[in-house]
Amino acid sequence: MKYWVKKELKPPHGKVYIIKDRCKGCGFCIEFCPQGVLQESEEFNAKGYHPPKLVETDDKKCIGCGFCSLICPEFAIHIEKEEEEKDEKAD
Amino acid sequence: MARRIGVFVCHCGVNIAGVVDVERVAEELRKYPGVAFATTYQYMCSDPGQNLIRQKIEEENLDAVIIAACSPAMHEETFRSVCKEFFNPYRCEMANIREQCSWVHDKKEATEKAIKLVKATVEKLRGNEDLMPIFVPIEKKCLVIGGGIAGIQAALDIADAGYKVILVEKEASIGGRMAQLSETFPTLDCSQCILTPKMVAVARHPNIKLMAYSEVIDISGYVGNFDVKILKKPRYVDEDACTVCGDCEKACPVIIPNEFDMEKKPRKAIYIPFPQAVPSTYTIDREACLGLAPLTCAQCKDACEANAINYDMQPKIVEERVGAIIVATGYDLYDKNKLVEYGYGEDDDIITSLEFERMLSASGPTGGEIIKPSTGKVPKKVVFIQCAGSRDKQHMPYCSSICCMYTAKHALLYKHHVPDGEAYIFYIDIRATGKNYEEFIARVMEEERINYIRGKVAKIYREGDKIVVWGVDTLTGKKVEIKADLVVLAMAIVGRKETKEIAKLLKVAVDDGNFLKESHPKLKPVEALSRGIYFAGCAQSPKDIPAAVAQASAAASKVLAIFSKDKLEKDPLVAVVDEDRCSGCGVCVSICPYGAMQRQPNGKAKCIEALCEGCGTCAAACPSNNIEMRNYKDEQIEKMIEVIV
Ligand SMILES: Cc1cc2nc3c(=O)[nH]c(=O)nc-3n(C[C@H](O)[C@H](O)[C@H](O)COP(=O)(O)OP(=O)(O)OC[C@H]3O[C@@H](n4cnc5c(N)ncnc54)[C@H](O)[C@@H]3O)c2cc1C
Ligand code: SF4
Ligand code: SF4
Ligand code: SF4
Ligand code: SF4
């Protein structure tokens, strides 16, 4: 489907940072991410758990809601919101 | 019991007397036991005819009267009110010797049958009881379902007359389709500009309780006393606290199509359908929101300075009692995917008429610019196809009545936007019957130089950048092939599927187009078969705005007529259950088409007299022969049959 608008609305975007060694494998972030951005990885961290990784190779689908970092009991994940700088300046 | 019956045989000009020997009927009846007097007259229903009845009742000391004439549906009321001056009106009966006799039989048979019919009526009359009308109290409050222009107008009219109105609209805002239109034929005033003052008036009116984002889920009861249940869906935004600042919308990460813009413009999960929405507030689309339970996102709540967002809002069921109901649930376009011959659904450059309205609208997705959706460029050749799905046995057989007019408007507005563009209209014939409509069409044809092609389109397909339209011009007999940039389909108008659901709750019929069926197509066009239920706007049939508004005011005046009385008078010819003998089987309860038979706590059936229409279905169905129809008792009917056979 195609919108008839000149300027498409762009969803906000977040960059996901995972501090692997802090993770204790609870999987909360994977469970609660509304966009399904995260999944369990195969690798082991220093504590012997599987830390989360991105489902796709990049975090395109992340909308930066920050829910993962809010829910993570070990502060192992945090988000940096990307500002829509270009659009703002163009206006 | 009647002892001195007078029989008045009507000639009805030649309608009856031309076939039935009326003098013989009178003569035979004079000899019949219980009949004290019999005569004939040219037109019993005329003033002199009525006076003859009055005079003879007095002179002959009559205590009951039979009028042998047309159907009681025509004149029972007339003759009963004459008799009411002297005795109980249920001592007046009519024998139908026109529709059921003179119109359908030959001379000799007709006279014999007429005699029998009148004699049978004498027997029925002898068994009649004197009855008093039933009085029903009225809750002077009206429910209007649907907040399009029709529902808005009806609500305002009733509220202005001083009565309370509950206006229920299922969408986030009232306004209906009219809010989506650009400019309106034939005067080309801006649709929003003439609609929004009325929307605001609804919101401000002290007599109107506006329940938007709500649905009627249950209706029971009868005229004067309907009990309705209304489901108020949670908006998750406090209507009163929201300042419509729009900060939440900016913060919300979810982008989905806006239904109001025919899905051609995006909106967020927290949204306002259009800026002038009434009630003026944002709403969270529960389906699209990232998560209310468990709460995951909450970006909007963080952004809202007014603290208007509340994720814990629950659906609420509100119960109300109303005296009358107006259904104004409007229309939809015919399903575009069903028009395979026009290739819809597959091509960006073949669009529907409502999508074109949004394109023309200054607040629409393109800001009022006309574009070819696949490229975003200005279309230089546009083909409009009328009757897309209408007047077509494979789709909808009827005429959608407004498409000729709005297509002319579309072509004219296109030419105003793109003066060097070419516009073609395929039509079967032009139906422009409204006031100043023909003049509007003439103006479009002549001044705007739009090419009207009489004929049907056979095929539409894409060829590179263009849409090729194949048709036949039936006036010249020549084939036409147009390579167009944009094709606009004037889709058939159909009733909404929601109308069908509401109709089911109200026990009202709908036709194949999902339009509500009126009580009488000519004389009762806004009334349902059941009393107290009225129709307005496109829910009843396709129509333009002036017709929708006129019908809304008509429905309102019917409601006001009910509300002008303190009690409703009703015919007492109802079913009576002998409770002692009732076995509680419940057959009558399930069979009554009006829901009038109800089971009491003791298991026995009871007739709610206010609801009963006296159809007699229950009396026939009761296995213990335990239900009696007032003044249609078994003995009466048996005697009538005896006389006739
Ligand atoms: C392309 C196009 C162009 C047109 N141009 C013109 C024009 O220029 N001039 C003109 O006079 N007419 C025009 N019309 C016709 C015009 O749109 C209608 O006459 C008018 O909108 C009918 O209003 P309504 O209130 O009957 O129905 P609607 O506008 O459909 O309103 C019905 C309302 O009821 C609500 N509803 C439905 N079901 C329920 C339910 N179960 N519970 C609660 N609420 C419910 C709906 O959400 C809606 O708000 C045009 C029509 C089309 C398709
Ligand atoms: S910020 Fe939100 S969308 Fe992005 S990974 Fe975390 S939970 Fe998922
Ligand atoms: S909570 Fe829902 S409506 Fe609010 S910003 Fe998030 S997705 Fe949008
Ligand atoms: S941020 Fe709050 S006040 Fe502003 S529009 Fe959204 S809900 Fe309304
Ligand atoms: S007479 Fe007809 S309307 Fe009355 S209770 Fe019986 S079935 Fe219902």
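## Ligand shells, aromatic pairs and selected elements

Ligand 5 is surrounded by 13 residues, the closest being B:Cys592, B:Cys612, B:Cys615, B:Gly616 and B:Cys618; a residue counts as near a molecule if one of its heavy atoms lies within 4 Å of it. By class, this shell around ligand 5 holds 9 nonpolar, 3 polar and 1 charged residues. Here Ala, Val, Leu, Ile, Met, Phe, Trp, Tyr, Cys and Pro are taken as nonpolar, Asp, Glu, Lys and Arg as charged, and the others, Gly among them, as polar.

The model is predicted: local features need pLDDT of at least 70 and side-chain atom pairs pLDDT 80 or more, while totals for chains, interfaces and linings use all residues. Residues are numbered from 1 along each chain as its sequence is written, chains are lettered from A and ligands numbered from 1 in the order in which they are written, and side-chain values use heavy atoms, without hydrogens and water.

Around ligand 3, the residues include B:Cys252, B:Cys289, B:Cys297 and B:Cys300, together with B:Tyr311 and B:Gln299. The shell of ligand 3 divides into 11 nonpolar residues, 1 polar and no charged.

Over all chains there are 9 aromatic pairs. Rings of Phe, Tyr and Trp (its six-membered ring) pair if their centres lie within 6.5 Å, and planes under 30 degrees apart count as stacked, over 60 as edge-to-face and the rest as tilted. Two of these contacts are edge-to-face, as follows.

| Pair | Centre to centre | Angle between planes |
|---|---|---|
| A:Phe32 and A:Phe67 | 6.2 Å | 70 degrees |
| B:Tyr163 and B:Phe563 | 5.2 Å | 65 degrees |

A:Phe32 belongs to helix 1 (residues 28-32) of chain A and A:Phe67 to helix 2 (residues 67-71) of chain A, so their pair ties together parts 35 residues apart in sequence. Helices (H or I, at least four residues) and strands (E, at least two) are DSSP runs, numbered from the N terminus. A:Phe32 is partly exposed at 25% relative accessible area, whereas A:Phe67 is buried at 12%. Buried means under 20% relative accessible area, exposed over 50% and partly exposed in between (1.4 Å probe, protein chains only).

In chain B, B:Tyr163 sits in the loop between helix 7 (149-160) and strand 7 (164-168), and B:Phe563 in helix 15 (residues 545-563), 400 residues apart. B:Phe563 is buried, with a relative accessible area of 0%.

Helix 7 of chain B has 12 residues and reaches 16 Å from its first C-alpha to its last, close to the 16 Å expected; the expected span is 1.5 Å times one less than the number of residues.

B:Leu167 lies in strand 7 of chain B and is buried, with a relative accessible area of 0%. Its C-alpha atom is 8.9 Å from that of B:Val202, 35 residues apart along the chain.

Strand 25 (residues 466-473) and strand 26 (residues 478-484) of chain B run antiparallel and are joined by 7 bridges; strands pair if DSSP finds at least two bridges between them. The two strands form a hairpin with 4 residues between them, and B:Gly477 in the turn has a positive phi of about 80 degrees. B:Trp470 stands opposite B:Glu481 in strand 26 of chain B.
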